Amino acid sequence: MSTTFTIDTSTSRANPTPAPMKRLTVPAIQRRKVEGKTDEPLVMLTAYTVRMAQLLDPHCDILLVGDSLGQVVYGLPSTLPVTLDMMCAHGAAVVRGSYHAVVVVDMPFGSYEGSPEQAFASASRVLAETGCAAIKMEGGAAMAPTIRFLTERGIPVMAHVGLTPQAINALGGYGARGRSQEEEAKIAADAKAVADAGAFSVVVEGVVEPLERKITETSDIPVIGIGASAACDGQVLVAEDMLGMFERTPRFVKRFDDLAGRISDAAKRYAEEVRARTFPGEEQVYLPKP
């Protein structure tokens with residue numbers, strides 16, 4: 001038995017069903033900052049699954065498939081054990097579940113630091129296997145040559161400076177950065193170096209508010225803050241933190257819901273009905289035809 005499909009030529013051959021709206025692009029994100037200012041801040045959240053992508057996508061400009069999935073999804077102690085295979089699998093799921101936001105996939109620890117050539121091999125695999133629009137990589141001035149190497153070869157890069165979780169062993173903890181003049185100068189220099197190298201935007205994490213404000217005001221590319229300043233060109237949070245899925249959340253997180261409590265309550269009520277044999281009821285079972 002054969003099936004004939006009619007392709008709508010106004011849409012992609014690979015996706016013949018028209019999407020509700022055209023997906024944002026990396027250049028569109030970059031153009032949101034005009035003459036050093038972004039009138040409407042960029043909204044960015046993490047997503048790791050199809051369903052979460054579907055729910056977050058209409059409200060976000062950028063969906064980040066973060067290596068934070070190591071802790072959030074897999075219960076790992078840090079982001080360091082996350083693999084390229086994990087990032088590709090979850091990145092593809094998020095792309096499938098979205099139609100509006102720019103999808104950015106984190107480069108995991110050990111997949112890009114060795115050389116620009118290693119970074120290109122890893123990043124090109126991520127783009128090919130997931131369909132995402134860009135990759136994100138941690139590191140400032142030290143990674144600038146690699147950022148330039150990738151962008152010159154058609155791979156958009158979102159940079160990440162300040163508190164960089166993949167360097168947690170060297171940093172010695174997750175405390176705020178930029179409290180000393182020396183560290184402030186280094187982070188500011190890192191932000192400038194990645195912008196000059198061609199990054200289309202930069203995440204600045206866990207730095208003192210005045211420094212983040214200064215970086216935002218002086219950078220030509222959108223600066224996305226996390227644990228930083230409301231003056232940034234945009235904000236990002238781990239979605240599960242924002243939704244209240246964990247009992248403990250970092251200082252910089254605002255809990256917009258208590259999903260953990262609501263899920264626990266629903267599971268409790270389900271368990272009670274199963275044990276009382278009140279579920280399933282007549283409306284949940286299949287009855288013989290009359």
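A pocket, in the sense used here, is an open set of grid points with protein on both sides within 12 Å along at least five of seven lines, and its lining residues have an atom within 4 Å of a point. With that in hand, the largest pocket of this predicted model turns out to be lined by 47 residues. Glu205, Ile226, Asp241, Pro250 and Phe252 are the ones that lie nearest its centre. Its volume comes to about 1200 Å³.

As for where the lining comes from, the elements giving two or more residues are mostly strands by name: S3 (42–46), S6 (134–138), S8 (201–205), S9 (223–226) and S10 (234–237), with helix H3 (69–72) on the list as well. Strand S3 gives the most, putting 5 residues into the lining. Sorted by class, the pocket lining has 24 nonpolar, 14 polar and 9 charged residues.

Next, the helix packing. Two packed helices are described by the angle between their axes and the distance between the axes. Take H5 (residues 116–130) and H6 (residues 144–151) to begin with: their axes come within 9 Å and cross at roughly 50 degrees. That angle makes H5 oblique to H6, and the crossing of this pair is right-handed. On the H5 side the residues involved are Pro116, Glu117, Ala119, Phe120 and Ala123, and they meet Thr146, Phe149 and Leu150 of H6.

The crossing of H6 and H8 is right-handed. From H6, Ala144, Ile147, Arg148 and Thr151 take part, meeting Ala193, Val194, Asp196 and Ala197 of H8. In class terms, the H6 and H8 contact holds 5 nonpolar residues, 1 polar and 2 charged.

Helix H8 (residues 181–197) has H9 (residues 209–218) as a packing partner too, with an angle of about 25 degrees and axes 10 Å apart. This makes H8 roughly parallel to H9, and H8 passes H9 in a right-handed crossing. What makes the contact is Glu184, Ile187, Ala188 and Ala191 on H8, together with Leu211, Lys214 and Ile215 on H9. Of the residues in the contact of H8 with H9, 5 are nonpolar and 2 charged, with no polar ones.

Finally, a couple of backbone details are worth a look. The peptide bond from Phe279 to Pro280 is cis, its omega sitting near 0 degrees. Pro280 falls in the segment after helix H11 (259–275). Glu35 is found in the loop between strand S1 (33–34) and strand S2 (37–38).

Note on methods
Residues are numbered from 1 along each chain as its sequence is written. This is a predicted model: local features need pLDDT of at least 70, side-chain atom pairs count only at pLDDT 80 or more; totals for chains, interfaces and linings use all residues. Side-chain values use heavy atoms; hydrogens and water are left out. Axes are lines fitted to C-alpha atoms, for helices over the stretch in contact, and angles run from 0 to 180 degrees between N-to-C directions. Helices (H or I, at least four residues) and strands (E, at least two) are DSSP runs, numbered from the N terminus. Angles under 35 degrees count as roughly parallel, over 145 as roughly antiparallel, 65 to 115 as roughly perpendicular and the rest as oblique. A crossing is left-handed if the near helix is turned anticlockwise from the far one by less than a right angle, and right-handed if clockwise. Contact means heavy atoms within 4.5 Å. On a 1 Å grid over the protein atoms alone, a cavity is a set of points where a 1.4 Å probe fits but cannot get out, and a pocket is an open set with protein on both sides within 12 Å along at least five of seven lines; lining residues have an atom within 4 Å of a point. Grid points are joined across faces, edges and corners, and a volume is the space filled by probe spheres set on the points. Ala, Val, Leu, Ile, Met, Phe, Trp, Tyr, Cys and Pro count as nonpolar, Asp, Glu, Lys and Arg as charged, and the others, Gly among them, as polar.
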